[in-house]
Amino acid sequence: MSTSLTSLTIADARAQLGDRSISARELAESHIAGIEASRALNAFVSETADRAIADAARADARLAKGDAGVLEGIPVAIKDLFCTKGVLSTAGSHILNGFVPAYESTVTANMWREGAVMLGKTNMDEFAMGSSNETSYYGPVLNPWRRPGDNRDLVPGGSSGGSAAAVAAQLCLGATGTDTGGSIRQPAAFTGTVGLKPTYGRCSRWGIVAFASSLDQAGPMTRTVGDAAIMLKAMAGYDAKDSTSVDVAVPDYESVLEDSVKGLRIGIPAEYRIDGTPAEIVALWESGIAWLKDAGAEIVAVSLPHTKYALPAYYIVAPAEASSNLARYDGVRYGLRVDQGDLTEMYEATRAAGFGAEVKRRILIGTYVLSAGYYDAYYLQAQKVRTLIADDFKQAWQKVDVLLTPTTPEPAFGVGEKSDDPVAMYLNDILTVPANMAGLPALSLPAGLSSQGLPLGLQVVGRAFDEETVLRVGRALERAAAFDGRPAPWWRSS
């Protein structure tokens with residue numbers, strides 16, 4: 001494996017492919033070797049080495065003709081929530097055992113059209129339900145990072161933990177993730193990578209296995225803010241097959257990355273100063289504020305008074321939508337089937353065997369809040385609260401251009417540490433969920449290390465469909481933070 005090739009950014013790899021100093025095949029082979037030597041991380045559910053070599057050959061041919069797409073020859077990993085034609089797509093669940101779609105998700109189809117090379121499908125929390133990547137039927141993903149001098153395994157965050165781990169361990173140049181309540185940004189923060197949740201409707205949801213349809217959004221996971229801009233350009237676009245896709249132009253995100261942030265108004269929401277937040281996370285937040293102030297931005301205190309209701313409202317809305325979406329998995333048409341008794345007994349046996357504990361928990365919660373007598377008390381109230389949360393952001397945008405907050409209330413924790421306490425696990429989403437409830441774009445970028453030597457992230461939240469400003473502010477923070485931490489490769493076999 002060539003370390004120099006796997007350590008490239010997407011931007012650098014694209015430049016070297018363009019001037020033919022490296023080939024797409026060489027780049028693919030280097031990453032394939034890295035994946036094969038790094039199976040201890042359990043980052044991949046399916047490896048598609050043959051497909052990657054074939055994709056690379058096509059990319060080299062297009063590069064030779066000067067017909068390169070945005071991601072021509074770039075090796076990427078795909079979260080196993082995206083349906084990929086002819087490739088096993090499981091959503092991390094036993095109930096989708098053996099499911100090989102006959103169609104391609106719109107986001108991945110867009111990426112293949114732009115020349116991306118597919119390395120494989122990444123492991124994830126089952127049906128994207130989790131904050132640690134421990135709920136996958138295929139076992140937990142391990143974080144490439146460890147505390148110095150401590151060999152205990154840490155979680156990579158979830159649900160896009162496989163994608164985050166693959167990017168952090170240099171097993172791919174970029175990966176897709178999905179974010180329902182923080183599932184791109186939280187694992188990005190835990191692994192020292194960049195994760196961008198676009199505006200709801202910016203990337204098509206067609207062909208992505210649904211968790212909570214009004215919240216799910218696909219986005220890029222990369223090692224730099226610039227790479228996130230490149231990937232988003234390839235992923236985004238209007239799709240008539242998705243009724244929630246919004247028909248707006250996709251900007252050239254790269255073109256604004258180096259623009260000054262001088263004069264931008266940066267909102268600091270009081271409600272994100274949560275009691276019990278570690279001092280080092282508060283200190284990093286203050287550093288972020290100082291970096292942007294030094295760059296000429298104006299710092300403005302704002303209030304989002306309904307923030308404290310975002311997490312409980314989310315854990316009503318999301319399970320309710322999940323219980324409805326997951327009703328389709330019954331053993332009749334595809335995936336796992338447990339034959340037992342009559343049709344009803346077959347449904348029961350299949351779902352009992354096919355779903356894990358966390359998915360069952362959320363289906364039960366969702367069914368409860370949608371049931372007669374409780375719909376008005378819970379689900380309807382949560383939707384009203386969601387409107388108030390969105391209104392808070394609308395009020396804030398009258399004063400500021402973006403918000404700056406920490407991404408997570410803590411660094412990565414140990415495997416098994418929170419498995420028996422669902423509420424403690426859910427609290428990991430407390431700083432990321434509000435952006436989902438309001439459908440806003442939000443970026444996490446690595447900005448420092450904890451006292452235990454683990455990555456910590458800062459979050460930039462912006463106006464709807466203003467990913468350009470979010471990325472621009474993220475790039476300014478990235479320059480100031482100059483984060484260059486890398487995990488020691490303990491996981492790599494010889």
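Reader: Where does Ser 159 sit?
Author: Ser 159 is in the loop between β3 (117-122) and α6 (161-168). Helices here are DSSP runs of H or I with at least four residues, strands are E runs of at least two, and both are numbered from the N terminus. The model is predicted, so to speak of local features takes pLDDT of at least 70 and side-chain atom pairs 80 or more, while totals for chains, interfaces and linings use all residues. Numbering starts from 1 along each chain as its sequence is written, and side-chain values use heavy atoms, without hydrogens or water.

Reader: Thanks! Which residue is joined to Ser 159 by a cis peptide bond?
Author: Gly 158 is the partner, and omega for that bond is about 5°.

Reader: And what's the phi of Arg 20?
Author: Arg 20 has a positive phi of about 65°, though it is not a glycine. You'll find Arg 20 in the loop between α2 and α3 (24-36).

Reader: Helices next. At what angle do α2 and α8 pack?
Author: About 70°, with the axes (lines fitted to C-alpha atoms over the stretch in contact; angles run from 0 to 180 degrees between N-to-C directions) 8 Å apart. That makes α2 and α8 roughly perpendicular to each other, a label for 65 to 115 degrees.

Reader: Which residues make that contact?
Author: Ile 10, Ala 11 and Arg 14 of α2 (residues 10-18) meet Asp 227, Ile 230 and Met 231 of α8, where contact means heavy atoms within 4.5 Å. By class there are four nonpolar, no polar and two charged residues. Ala, Val, Leu, Ile, Met, Phe, Trp, Tyr, Cys and Pro count as nonpolar, Asp, Glu, Lys and Arg as charged, and the others, Gly among them, as polar.

Reader: How do the axes of α8 and α16 cross?
Author: The axes of α8 (225-235) and α16 (467-481) come within 9 Å and cross at roughly 160°. These two helices are therefore roughly antiparallel, the label for angles over 145 degrees.

Reader: Which residues of α8 meet α16?
Author: From α8 they are Val 225, Gly 226, Ala 228, Ala 229 and Leu 232, facing Glu 467, Leu 471, Gly 474, Arg 475 and Glu 478 in α16. This contact divides into five nonpolar, two polar and three charged residues.

Reader: Changing topic: how many aromatic pairs are there?
Author: The structure holds 15. One of them joins Phe 99 and Tyr 334, which are tilted at 5.3 Å centre to centre and 35° between the planes. Ring centres (Phe, Tyr, and the six-membered ring of Trp) must lie within 6.5 Å to pair; planes under 30 degrees apart are stacked, over 60 edge-to-face, and the rest tilted.

Reader: How far apart in the chain are Phe 99 and Tyr 334?
Author: They are 235 residues apart, so to speak linking distant parts of the chain. Phe 99 lies in the loop between β2 (75-79) and α5 (106-113), and Tyr 334 is in the loop between α10 (310-325) and α11 (343-354).

Definitions and conventions: Angles under 35 degrees count as roughly parallel, over 145 as roughly antiparallel, 65 to 115 as roughly perpendicular and the rest as oblique.
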